[in-house]
Amino acid sequence: MADVVVVGVDGSPGSSAALRFAAEEARLRGAVLRVLRAWTVPVGAYAPVPYPAELYAEVAPQTERLLRSQVAEVLGEEPGIPVDERVVEGPPAKVLVDEAGGAILLVVGSRGHGGFAGLLLGSTSAQVVHHAPCPVVVVPAGRPG
């Protein structure tokens, strides 16, 4: 089984920087690059909101399109390394930690789309640092590509 470098993306500039970093690490290590994008359907603050079944049916395919688009934009159509793109339902930190089992490295951006602009470390990256089963690299926001 080949070594795997895992990276989480969400379409943000920070996750694109993490993707570039992870691709270079995978290239240097002769590893497969596993690119993950998690998705969830939000629930109401006080009670579950009944979402139509059509919404659930469309979220995963749309998320897959967004993932493929980001990978192609950042790495090009022929990245020169094996890329395993995965869309997984669940909270981002949990998805990343679960998918990093057996990986040689997990890469995340310091901040994604959520949270507050003033935070140095986003909630997902903070959780991943504390719970990942492998070494973690947090790519700083604004890191040049």
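This note walks through the predicted model above, point by point.

1. **Ground rules.** Because this is a predicted model, local features need pLDDT of at least 70 and side-chain atom pairs count only at pLDDT 80 or more, while totals for chains, interfaces and linings use all residues. Residues are numbered from 1 along each chain as its sequence is written, and side-chain values use heavy atoms, with hydrogens and water left out.

2. **Overall layout.** The protein holds four helices and five strands; these are DSSP runs, with helices being H or I of at least four residues and strands E of at least two, numbered from the N terminus. Of the 145 residues, 39% count as buried, where buried means under 20% relative accessible area, exposed over 50% and partly exposed in between, with a 1.4 Å probe and protein chains only.

3. **Helix α2.** This helix covers residues 53-75, which is 23 residues, and reaches 34 Å from its first C-alpha to its last, close to the 33 Å expected at 1.5 Å a residue. The expected span is 1.5 Å times one less than the number of residues. Its buried residues are Val 59, Thr 63, Leu 67, Gln 70, Val 71, Val 74 and Leu 75, and their cover includes α1 (13-29), β2 (32-39) and β3 (83-89). Just after α2, look for Gly 76, which has a positive phi of about 85 degrees.

4. **How α1 meets α2.** The two helices pack at an angle of about 65 degrees, with their axes 10 Å apart. Axes here are lines fitted to C-alpha atoms, for helices over the stretch in contact, and angles run from 0 to 180 degrees between N-to-C directions. On the α1 side, Ser 15, Ser 16, Leu 19, Arg 20 and Ala 23 meet Gln 70, Val 71, Val 74 and Leu 75 of α2; contact means heavy atoms within 4.5 Å.

5. **The largest nonpolar core.** Which residues touch the most other members of this core? Among its 21 residues, they are Val 5, Val 7, Leu 19, Leu 33, Val 35, Leu 75 and Val 107. A nonpolar core is a set of buried Ala, Val, Leu, Ile, Met, Phe, Trp, Tyr and Cys residues joined through side-chain atoms within 4.5 Å. Two or more residues each come from β1 (4-8), α1, β2, α2 and β4 (105-109), and α1 gives the largest share, seven residues. A second, separate core of 13 residues includes Val 4, Val 32, Val 97 and Val 128.

6. **Helices α3 and α4.** The axes of α3 and α4 (residues 123-131) come within 9 Å and cross at roughly 35 degrees. Pro 92, Ala 93, Leu 96 and Val 97 of α3 make the contact with Thr 124, Gln 127, Val 128 and His 131 of α4. The buried residues of α3 are Ala 93, Val 95, Leu 96, Val 97 and Glu 99, and they pack against β1, β2, β3, β4 and α4.

7. **A closer look at Glu 99.** Is Glu 99 buried or exposed? This residue of helix α3 (residues 92-99) counts as buried because its relative accessibility is 18%. Beyond its neighbours within four places in sequence, Glu 99 is in contact with Val 6, Arg 34, Leu 36, Arg 86 and Val 88. The C-alpha atoms of Glu 99 and Val 88 are 9.4 Å apart, with the two residues 11 apart along the chain.
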